[in-house]
Amino acid sequence: MKHDYTIILIGRNNFLKSISITTGYLIAIFLSFAMITISALGLFIRNANVSITEIKQNMAEEQYRNNLKRTEQLKEVVKDIRMRLHNQIVIDNKQRNFLQVAAIHQDIWSMGIGGSNRAKRMSSLSLYDSKILEELSESIDILKGQTKLRMMSIRELETKLSQNFDLWKHIPSTNPVPGSEISSGFGYRIDPFDKTVRMHEGLDLSASRGTPVYATADGVVMYADWNMGYGYTVDIDHGYGFVSRYAHLSKIQVREGEPVKRGQIIGRVGATGRAVCSHLHYEVIVAGIKVNPVNYIDFKNIVFD
Ligand SMILES: [Zn+2]
């Protein structure tokens with residue numbers, strides 16, 4: 001056998017040993033090394049792949065757990081909003097009742113406005129997940145509709161409220177001389193002048209001369225001058241069919257055609273005209289009929305707007 005190569009090995013004590021091999025053997029040895037290396041490398045890559053798959057799996061699981069946690073949090077938020085909206089619905093019913101506006105029917109509330117626009121967009125998710133998300137989506141759609149409905153209702157109630165407020169501002173409903181005492185009421189009485197039974201068409205509020213007299217509601221002065229037995233008198237037209245009259249004044253502090261606000265001083269208490277002593281004769285006229293002002297005065301209300 002022809003030896004092409006000689007391998008010299010150096011042993012202990014510098015003992016030299018030589019091995020002669022052929023080209024074929026050398027190639028075989030190299031190939032064996034190469035195969036071992038490739039196998040090792042292959043094994044390494046496979047293990048690495050397994051690790052990557054494991055990491056991916058772990059990450060996916062982690063993400064799933066996070067998603068589940070977030071879904072639970074979202075459910076809690078939806079629950080909280082639902083509770084708040086339920087309170088709003090209760091308040092809405094009370095407000096509509098108070099303002100004498102028909103209540104919104106429960107069925108309309110439970111549907112909300114705008115309807116549902118759920119799409120089958122979660123088909124790629126697992127059945128359980130898509131069910132939870134669909135429920136959440138449905139709840140949010142309803143809450144969205146209810147919020148819209150409540151806002152519409154608030155706008156309607158605001159309009160009604162401002163109408164009512166305007167009416168309220170024009171109804172003579174305060175005491176024109178706060179703190180005064182009623183010395184003579186509305187109705188038949190013995191006239192202090194001729195001692196005969198006569199209809200007393202107003203309220204006499206006892207107060208000393210010069211005490212301020214306040215307008216009992218918003219309106220426009222329709223008369224401000226001497227008026228026979230009434231003495232110096234102010235008549236205020238409040239609109240909505242309401243007129244108030246303030247008589248026996250010692251002083252008039254407004255002019256005809258002047259707009260006045262509730263609580264504004266219009267004159268001073270006196271005893272002009274047919275009056276025995278200093279007092280305000282106060283009348284409330286509704287659609288041309290003189291009514292008992294007591295029914296219109298909230299005696300506790302001395303605070304003006
Ligand atoms: Zn009187």
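A residue counts as buried if 20 or more other C-beta atoms lie within 10 Å of its own, as exposed if 12 or fewer do, and as partly exposed in between, with C-beta atoms placed from the backbone. The structure is a predicted model, in which local features need pLDDT of at least 70 and side-chain atom pairs count only at pLDDT 80 or more, while totals for chains, interfaces and linings use all residues. Residues are numbered from 1 along each chain as its sequence is written.

Glutamine 100 is exposed because it has 8 C-beta neighbours inside 10 Å. This residue lies in the loop between α1 (23–98) and α2 (106–111), helices being DSSP runs of H or I with at least four residues and strands runs of E with at least two, numbered from the N terminus. The phi of glutamine 100 is near 55°, a positive value in a residue other than glycine.

Lysine 195, in the loop between β4 (187–190) and β5 (197–200), has a positive phi as well, near 60°, and with 8 other C-beta atoms within 10 Å it is exposed.

Leaving aside neighbours within four places in sequence, tyrosine 246 is in contact (C-beta atoms, placed from the backbone, within 7 Å) with Pro176, Val213, Thr233, Val234, Ile266, Gly267, Leu280 and Tyr282.

How values were computed: Contact = placed C-beta atoms within 7 Å.
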